[in-house]
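Here is a report on a protein model, written for a reader who works with coordinates. It takes up charged pairs, then the fold, then confidence.

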Amino acid sequence: MRKTIFVVILSGKNYKDSRVLNGMMNKSYADTDLLIINRGPNPLRFDKDFIHTLGFCVNNIDIKESIGDLPLGEVCNNVISKNASYDRFIFCDDDSVLNKEYIKRLDRYHKQGVDLQIPSIRGRVDGRVYYPIINEAVCKAADGFNINTESTVKSLGLGLVIYRSLIEKFSARNMGVFDSQFVLNGCDTGFFSRLDLLKTEKINIAIQVVNSLNYALVQSQGITSKWRALDKLRDSFLSVKISRFRY
């Protein structure tokens, strides 16, 4: 069993308003630890009833208030560096819709040597697949699709599933997984560029497409360019406090 931590970034929402946190209210996450990071703009009032109920569905909950000047990429790197015992890190925003077998599918399709799993990202309104973009074309891939290591990959930062093997490949080059420009729902950000840097050094990165995330892309506003981020997150905040709640 892979020791897994699910990292949910809250942005301007209360706990109970997060689609992701509500989607975790089932026993399929019983072996998963959950880290909730509130990026503001204001500290959250602790919702005892909601967190207590969620605590019955996951193994452990940590909550971090992170409001300030530290870029999101650095915050995510800190999460990785301070949690060395985990084999798998899942980074997600607060508004994506998870399917009920999210964790089971990650496990079902993961193969030895896979460094990164990314989801297909669909518009919540039209159901169309918008990401990932492979070799400059939208890829409509079935679960378990293994991307050719020579291909260029672009996607949003939503639903990145990062395995220890990828962290070690970055560490061997004295690099963090994320750069300071990383944003969850921005396309063509530093994360995928850093993967390309490893490739230039003949380091293969095995990427697999698993799961679909339904996300509120704003097609109704006429934004259709495949290279643009929609609903862009403010990319900086400072970790100032950690409160732990164990069940």
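## A salt bridge across the chain

D107 counts as partly exposed, because its relative accessibility is 34%; partly exposed means between the limits for buried (under 20% relative accessible area) and exposed (over 50%), with a 1.4 Å probe and protein chains only. The side chain of D107 meets that of R2 in a salt bridge, at 3.5 Å from N to O. A salt bridge here is a side-chain nitrogen of Lys or Arg within 4 Å of a carboxyl oxygen of Asp or Glu. The pair links distant parts of the chain. R2 sits in the segment before β1 (4-10), D107 in helix α4 (residues 102-109), and 105 residues separate them. R2 is also partly exposed, because its relative accessibility is 30%.

This is a predicted model: local features need pLDDT of at least 70, side-chain atom pairs count only at pLDDT 80 or more, and totals for chains, interfaces and linings use all residues. Residues are numbered from 1 along each chain as its sequence is written, and side-chain values use heavy atoms, with hydrogens and water left out.

## Other charged pairs

A search of the whole structure gives eleven salt bridges. One of them joins the side chains of E101 and R108, at 3.4 Å from N to O. E101 has a relative accessible area of 33%, so it is partly exposed. R108, at 47%, is partly exposed as well.

K199 and D196 also meet through their side chains in a salt bridge, at 4.0 Å from N to O. About one helical turn separates K199 and D196, because they lie three residues apart in helix α6 (residues 190-200). D196 is partly exposed, because its relative accessibility is 24%. Elsewhere, salt bridges that share partners join R2, R88 and D107 into one network.

Which side chain of opposite charge is nearest to D33? It is K3, 5.1 Å away. Lys and Arg count as positive, Asp and Glu as negative; His and the chain ends are not counted. D33 is buried, yet has no salt bridge.

D33 lies in strand β2 (residues 32-38). Beyond its neighbours within four places in sequence, D33 is in contact (heavy atoms within 4.5 Å) with K3, T4, I5, F6, N59, N60 and Y86.

## Fold and packing

The protein has six helices and 13 strands. Helices (H or I, at least four residues) and strands (E, at least two) are DSSP runs, numbered from the N terminus. Of the 247 residues, 53% are buried. Among contacts between residues at least 6 apart in sequence, 80% join residues at least 24 apart. The accessible surface comes to about 11,300 Å², and 47% of this surface belongs to carbon and sulfur atoms. Areas come from the Shrake-Rupley method with a 1.4 Å probe.

Helix α3 (residues 72-81) is mostly covered, with seven of its ten residues buried. These are L72, G73, V75, C76, N77, V79 and I80. They pack against β1, β2, β3 (60-66), β4 (88-92) and α5 (164-171).

## Confidence

The average pLDDT (the predictor's confidence in each residue, from 0 to 100) is 85, and 86% of the residues score at least 70. Strand β11 (residues 160-163) has the highest confidence, at a mean of 98. Strand β13 (residues 239-246) has the lowest, at a mean of 30. Over residues 219-247 the pLDDT is below 50. Beyond near neighbours in sequence, this stretch has 92 contacts in the model. Where pLDDT is low, the predicted coordinates should not be read in detail.
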